[in-house]
Amino acid sequence: MEQLKVLPLLFLSWVMFLQSTHQLPNSQTQVLYQLRKHLEFPKALESWGNYYGDLCQIPATAHMSITCQGNSITELKVMGDKLFKPFGMFDGSSLPNHTLSEAFIIDSFVTTLTRLTSLRVLSLVSLGIYGEFPGKIHRLNSLEYLDLSSNFLFGSVPPDISRLVMLQSLMLDGNYFNGSVPDTLDSLTNLTVLSLKNNRFKGPFPSSICRIGRLTNLALSHNEISGKLPDLSKLSHLHMLDLRENHLDSELPVMPIRLVTVLLSKNSFSGEIPRRFGGLSQLQHLDLSFNHLTGTPSRFLFSLPNISYLDLASNKLSGKLPLNLTCGGKLGFVDLSNNRLIGTPPRCLAGASGERVVKLGGNCLSIIGSHDQHQEFLCEEAETEGKQFQGRKVGILIAVIGGAVLVLVFFVLVILLLLCTNRCSSCCSREKSVPQTRLKVVTDNSHTSLSSEVLASARLISQTAKLGAQGVPSCRSFSFEDLKEATDDFDSSRFLGEGSLGKLYRGTLENGSSIAIRCLVLSRKFSSQSIRGHLDWMAKLNHPHLLGFLGHCTQTSGEHDPVATILYLVYEYMPNGSYRTHLSESFSEKILTWPDRLAILIEIAKAVHFLHTGVMPGSFNNQLKTNNILLDEHKIAKLSDYGVSAIIEENEKLETKSETHKSKYASFVLV
């Protein structure tokens, strides 16, 4: 019996011993607290101040998590609340309300960070970290995942980052890097994800990237990378390529055959779309809009087996599309607008079947009843002028080459003449006692003068070839008078309903476009800068299954107590209403078939996936309800009210603070 009583005590001692052997050492705990101090005690780490146990055991939240193995920290993830960037330029110094304070020293911060030598995963997002990124980050030689997105890192990416040979994911999106992309990244042989979006990287596309054999995701969009895009065919595992909004100006290169998404819009790509694109059997999403592509789009682009989204808008595409052109069964969106296409559109792009969204405006197509097409001769003239311009370019190139040859011949003759003169002078010096040095000085000076003129001309030619930066449009502001006119002074006949997010009206703009207007009542303490940040973020989202956000209007209202700010959000109008109305048995004529319901859910899933992973910062609370899924005239689903929840949450916090302040003030008065 005595032995049986001792056994539980032994078991308890054994458990406590195991826990003590795996407890985080005090030195590692101190490093975490020092990092919190460096980051100026962000809200995401508030729980650390009230927790007295082992930090490895602290419960994870949406904004913070710690993972340990043995006695070491292997994962550290922190997401702050400094989401919005200031307007204008950033010079790398501290900005109030955006970055950490002037007391922050990034070199000391990274030095402290490198004491967590077993880190494999490090994510520090939206924390206001600023300054030039120190190269000593390479001391974390076990890192496999590094995410420093949405901060204020400045200057160049240190070359030493290529020494992190275990790295599999590198994400530095949404910073202010303004050097060139390091050309030593091929040392990262395990890298699968490279994302450097929304920075100010300059210079050519680094050829070393083409040698990272395991790369699956490559995103360098919204930078200033220029020149030629090299052959990418050796990236045999690449699935996603995003190079939007740069200054790339070559022809389209050979692409890897496993690509699923290709985003190359808003560059200066030229030439025809290569026929090799027909071999991209896994391609689903292709965006080549806003370039200088020419020729007639080949039929293979429309019939790729998995293609669902094809955007070739705003190029210089010309000619006639084949009438027998066939579209792939998954193709749901096609945009060929603002090109130089002529003739009759093929049946699968006529839009009569309602199977897909097709945009053909701004061409010279023969479409009965269409008012957004030009006369055919205008497109033919534009194509002729383009060919003549190309001819002039060839002529100018020949003239330049010919001139260069003549200049070269001239230089050769001058050099021969100088050699002859030197020889003659040396011969004459044997017969006459004339000093040789004087003649040599005159000859050398004349030659140097000629070279400096040539060099000056070369510098002048180089300076005239610089490219200009492209601007990003921001959210449009409507006047209150425009909205009153569009809704007949917010007449009750225009009222569509009221929900938790405010009243909804239907309106009609001067050009006849139908719009929907959402009215939000906000606290007066809601700053215009904060509103603008939210709205500009919403305006830059572009996805076929997100409801188009057209603009906004703010108006002060005295009808509320206290006085409030009314925010009017203007969206495109969806004539088929919400998904919910098509599920109700009381409207039997509107009930959707099960295949239609499945298609709608897939479309909304794509929109949600885009909001979670395709933008920075991601949007995770998107009011996903059947009432917020809207259907257009072709029953294409679009998610509405995305991003509005962030505005509502911020407004509720302001109102709560205001009420707390009022109650404290009332208590003070009573006392």
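User: How many bridges join β20 to β22?
Analyst: 3 bridges join β20 to β22, and the two run parallel. Strands here are DSSP runs of E with at least two residues, helices are runs of H or I with at least four, and both are numbered from the N terminus. Two strands pair if DSSP finds at least two bridges between them. This is a predicted model, where local features need pLDDT of at least 70, side-chain atom pairs count only at pLDDT 80 or more, and totals for chains, interfaces and linings use all residues. Residues are numbered from 1 along each chain as its sequence is written, and side-chain values use heavy atoms, with hydrogens and water left out.

User: Which residue in β22 is the bridge partner of Lys-320?
Analyst: Ile-342.

User: And what order does that sheet have?
Analyst: The order is β20-β22-β24, an open sheet of 3 strands with parallel pairing. β20 (318–320) and β24 (364–365) are the edge strands, each pairing on one side only. β22 (residues 340–343) is joined to β24 by 2 bridges, again parallel. Gly-343 has Leu-365 in β24 as its bridge partner.

User: What about the sheet with β4, β6 and β8? Which strands stand at the edges?
Analyst: That open sheet has 3 strands in the order β4-β6-β8, with parallel pairing. β4 (130–132) and β8 (176–177) stand at the edges with a single partner strand each, so one side of each has no neighbour in the sheet. Between β4 and β6 (residues 152–155) there are 3 bridges in the parallel sense. Gly-131 stands opposite Leu-153 in β6.

User: How much space lies in the largest cavity, and which element gives the largest share of its lining?
Analyst: About 80 Å³, and α4 gives the largest share of the lining with 4 residues. α4 (106–113) and β3 (121–125) each supply at least two. The lining includes Ile-106, Phe-109, Leu-122 and Asn-151, and also Leu-153. By class it is 11 nonpolar, 1 polar and no charged. Ala, Val, Leu, Ile, Met, Phe, Trp, Tyr, Cys and Pro count as nonpolar, Asp, Glu, Lys and Arg as charged, and the others, Gly among them, as polar.

User: And what lines the second largest cavity?
Analyst: Among its lining residues are Leu-32, Arg-36, Trp-48, Phe-109 and Leu-124. α2 gives the most, with 3 residues. The cavity holds about 40 Å³ of space, and its lining has 10 nonpolar, no polar and 1 charged residues.

User: Last one, the second largest pocket. What is its volume, and which residues lie nearest its centre?
Analyst: The volume is about 600 Å³. Of its 26 lining residues, Leu-496, Leu-504, Arg-518, Asn-627 and Leu-630 lie nearest the centre. β25 (495–499) supplies the largest share of that lining, 4 residues. The classes are 10 nonpolar, 11 polar and 5 charged.

Definitions and conventions
1 Å grid on protein atoms, 1.4 Å probe; cavity = no way out; pocket = protein on both sides within 12 Å on 5 of 7 lines; lining within 4 Å. Points joined across faces, edges and corners; volume = space filled by probe spheres on them.
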